[in-house]
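Open the model in your viewer and keep the selection panel at hand. The stops below go from a pocket to a helix and then to a strand residue.

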Amino acid sequence: MTSKIVVGLDGSSSGERALAYAQSLASRLESCEIIVAFIIEWSPYTFQTAEENAQRHKRREEEITTAQTRVVDPAVSTLSDAGFAARGIVKHGDVADLLDKIAKTEGADQIVVARSSEGGFVNRVFGTSTVNLVLHASVPVTVVP
């Protein structure tokens, strides 16, 4: 049976630490797939005009493409080059909720994220999102320093 590890990346060096840790775990398993996930925080509760919503949808698609090409694809390529089964997912929404949903949908055994001391993702990764993820995830969560 193939084990699966979901790794939440944020595009910073802290995400690279989480990826390295997941790679180390996967190397100890007989068969393991690493699923690289990048979640772009996105609230569906913004009230806008039809024109603003059209622009918002366009920005959303641009953000997905940017995250895929700049963060997820290079991570998946690095893992594949090292001999690991890997693929990537980019989604918009709540970080903790979507990482858990991805883990459930994929039948993952574990979620790996990094604690960050860098700007931006700090509040998401050892702020509310990480706490929510650790408290409510359906699988074990490892927070890498």
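A pocket here is an open set of points on a 1 Å grid over the protein atoms alone, where a 1.4 Å probe fits, with protein on both sides within 12 Å along at least five of seven lines; lining residues have an atom within 4 Å of a point. Points are joined across faces, edges and corners, and a volume is the space filled by probe spheres set on them. The model is predicted: local features need pLDDT of at least 70 and side-chain atom pairs 80 or more, while totals for chains, interfaces and linings use all residues. Residues are numbered from 1 along each chain as its sequence is written, and side-chain values use heavy atoms, without hydrogens and water.

Select L9, G11, S12, G15, E16, L19, A20, Q23, R70, V71 and A75, the lining of the largest pocket. The space inside is about 150 Å³. α1 (13-27) contributes the most, 5 residues; helices are DSSP runs of H or I, at least four residues, and strands of E, at least two, numbered from the N terminus.

Next, select S14, G15, A18, L19, A22, L25 and A26, which are buried in α1 (under 20% relative accessible area, 1.4 Å probe, protein chains only). They lie on the same side of α1, because they cover an arc of only 145° around the axis, taken from the directions from the axis to the C-beta atoms.

Finish at V36, in strand β2. V36 counts as buried because its relative accessibility is 0%. Beyond neighbours within four places in sequence, its contacts (heavy atoms within 4.5 Å) include L9, L19 and A75.

How values were computed: Buried means under 20% relative accessible area, exposed over 50%, partly exposed in between (1.4 Å probe, protein chains only).
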